[in-house]
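Colleague: Thanks for making time for this. I would like to go through the labels one by one and hear what stands behind each.

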Amino acid sequence: MLQQVNGHNPGSDGQAREYLREDLQEFLGGEVLLYKLDDLTRVNPVTLETVLRCLQARYMADTFYTNAGCTLVALNPFKPVPQLYSPELMREYHAAPQPQKLKPHVFTVGEQTYRNVKSLIEPVNQSIVVSGESGAGKTWTSRCLMKFYAVVATSPASWESH
């Protein structure tokens, strides 16, 4: 039995469902702003519908990366988006004092792992897990990460700061 739903203490399952339905309608009522939610941990209530609607709104706004806590969710745009992977954007994420404060992007993950490796005195193994369904863009994402590492490792900013 559900004990508490968003601060409400329902007396029955029927009441709990009603509170959840009200919260869901309140959340989806502001759907115009769903594309602005760049972290799925801010979705409330967390239901399959709210998460999918948020991702759908971001996809429709050509925003293909969304955080889910410490995980990055990438949506395949199924079209070329060259400005999303430009060398200028790579440099922006590499030069940022706190890249995690920029918009969610695969370059944020790349920069965080790059800084982790560069800051270690003793080298340790690092890994990034890229997973998804067939056709989701795993190979493309891996290529983008490799290209990012190649660009930032040879940049003068890397030589000076690391």
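Colleague: Why does Ser134 count as exposed?

Modeller: Exposed means over 50% relative accessible area, buried means under 20%, and partly exposed lies in between, with a 1.4 Å probe and protein chains only. Ser134 has 75% relative accessibility, so Ser134 counts as exposed. A word on the basis: this is a predicted model, in which local features need pLDDT of at least 70 and side-chain atom pairs count only at pLDDT 80 or more, while totals for chains, interfaces and linings use all residues. Residues are numbered from 1 along each chain as its sequence is written, and side-chain values use heavy atoms, leaving out hydrogens and water.

Colleague: Why does Lys138 count as partly exposed?

Modeller: The value for Lys138 is 28% relative accessibility, so Lys138 counts as partly exposed. Lys138 lies in helix H5, whereas Ser134 is in the loop between helix H4 (106-119) and helix H5 (138-153). Helices here are DSSP runs of H or I with at least four residues, strands are runs of E with at least two, and both are numbered from the N terminus.

Colleague: Which residues is Lys138 in contact with, leaving aside neighbours within four places in sequence?

Modeller: They are Val130, Ser131, Gly132 and Glu133; contact means heavy atoms within 4.5 Å.

Colleague: What does UniProt list for "binding site"?

Modeller: The unreviewed entry lists Gly132, Glu133, Ser134, Gly135, Ala136, Gly137, Lys138 and Thr139. From this set, Gly132, Ala136, Gly137 and Lys138 are in the lining of the largest pocket. UniProt positions follow the numbering used here, feature names are shortened, and annotations may be inferred rather than shown by experiment.

Colleague: What makes a pocket, and which residues lie nearest the centre of the largest one?

Modeller: On a 1 Å grid over the protein atoms alone, a pocket is an open set of points where a 1.4 Å probe fits, with protein on both sides within 12 Å along at least five of seven lines; lining residues have an atom within 4 Å of a point. The largest pocket has 41 lining residues, with Tyr65, Leu72, Val73, Ala74 and Thr141 nearest its centre. H4 gives the largest share of that lining, five residues.

Colleague: How do you know that S1 and S2 pair?

Modeller: Pairing requires at least two DSSP bridges between two strands. S1 and strand S2 (residues 71-74) have four bridges, in the antiparallel sense. Tyr65 stands opposite Ala74 in S2.
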